[in-house]
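Biologist: Could you put the model up so that we can go through it together?
Modeller: Of course, here it is.

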Amino acid sequence: MWLTNSSVGRKVVMSITGLFLILFVTFHVLMNAVAIFWPDAYDAVCMFLGANWYALIGTAVLAAGFIVHIVYAFWLSWQNKKARGNDSYEVSARPKNVEWASQNMLVLGVIIVCFMALHLVQFWAKMQLPEMLGHHVNEGTWYLDQAFACPITLVVYLVGFAALWFHMTHGFWSAFQSLGANNNVWLCRLKSISTIWATVVCILFAIEAIVFTIRAMGMCSACC
């Protein structure tokens with residue numbers, strides 16, 4: 001099959017799944033903003049996105065997108081390394097006009113996967129999964145307060161957001177390039193858009209994490 005047997009096809013799959021995940025990340029950062037300004041609305045959204053059939057289908061599609069993107073990332077990296085052969089050991093400097101993020105996309109991806117694993121343990125495993133098993137769950141804001149009550153959580157999240165920024169700034173325009181947007185004029189525009197988009201999303205994520213931490217620690221101090 002073309003999407004699996006050729007490097008071009010694999011890049012197309014990587015691009016489509018990557019853009020899909022960027023849309024999810026954008027939705028996620030907007031949903032987190034709701035938790036800051038309208039906590040009750042956030043709890044209502046969490047309840048709506050619980051163990052309902054449509055939420056479960058959405059979760060399955062999202063998980064499939066992540067898995068396919070990760071598998072193809074390792075596949076393409078292995079393919080590129082195999083193609084270079086012994087030449088890979090002769091490279092001593094970064095080629096001109098090649099971004100740092102481009103040379104380290106796999107490493108950045110691994111950091112993001114580790115970060116996502118922590119995020120799933122802190123939220124999905126305590127919210128949607130128990131509800132799927134028929135157990136009672138608390139309101140969504142309660143889990144935010146529990147997760148960010150520890151200052152170390154903020155540090156880990158900020159590192160994850162930094163890796164996400166580098167990954168998105170390159171991945172966004174590179175996805176369009178793989179899909180055929182090779183025009184130099186539009187490629188420059190897409191690079192600018194990707195930088196702006198990734199910067200806004202990641203700064204919002206960082207601000208939200210800081211606000212959640214301050215709020216959670218303030219609640220802990222009040223309880224003491």
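**Helices and ring pairs**

Modeller: The chain's secondary structure consists of ten helices and zero strands, where helices (H or I, at least four residues) and strands (E, at least two) are DSSP runs numbered from the N terminus. This is a predicted model, in which local features need pLDDT of at least 70 and side-chain atom pairs count only at pLDDT 80 or more, while totals for chains, interfaces and linings use all residues. Residues are numbered from 1 along each chain as its sequence is written, and side-chain values use heavy atoms, with hydrogens and water left out.

Biologist: Is Ser 194 buried or exposed?
Modeller: Ser 194 is buried, with a relative accessible area of 1%; buried means under 20%, exposed over 50% and partly exposed in between, with a 1.4 Å probe and protein chains only. Ser 194 belongs to helix α10 (residues 184-223), and its side chain reaches the backbone oxygen of Lys 191 at 2.7 Å.

Biologist: And how many aromatic pairs does the structure hold?
Modeller: There are 15 aromatic pairs, meaning rings of Phe, Tyr and Trp (its six-membered ring) with centres within 6.5 Å, and with planes under 30 degrees apart counted as stacked, over 60 as edge-to-face and the rest as tilted. One of them joins Trp 53 and Tyr 54 edge-to-face, at 5.5 Å centre to centre and 75° between the planes.

Biologist: Which of those two is exposed, and which partly exposed?
Modeller: Trp 53 counts as exposed at 62% relative accessibility, whereas Tyr 54, at 34%, is partly exposed.

Key:
A polar contact is a pair of N or O atoms within 3.5 Å; within protein, one must be able to donate a hydrogen and the other to accept it, and residues adjacent in sequence count only if both atoms are side-chain atoms.
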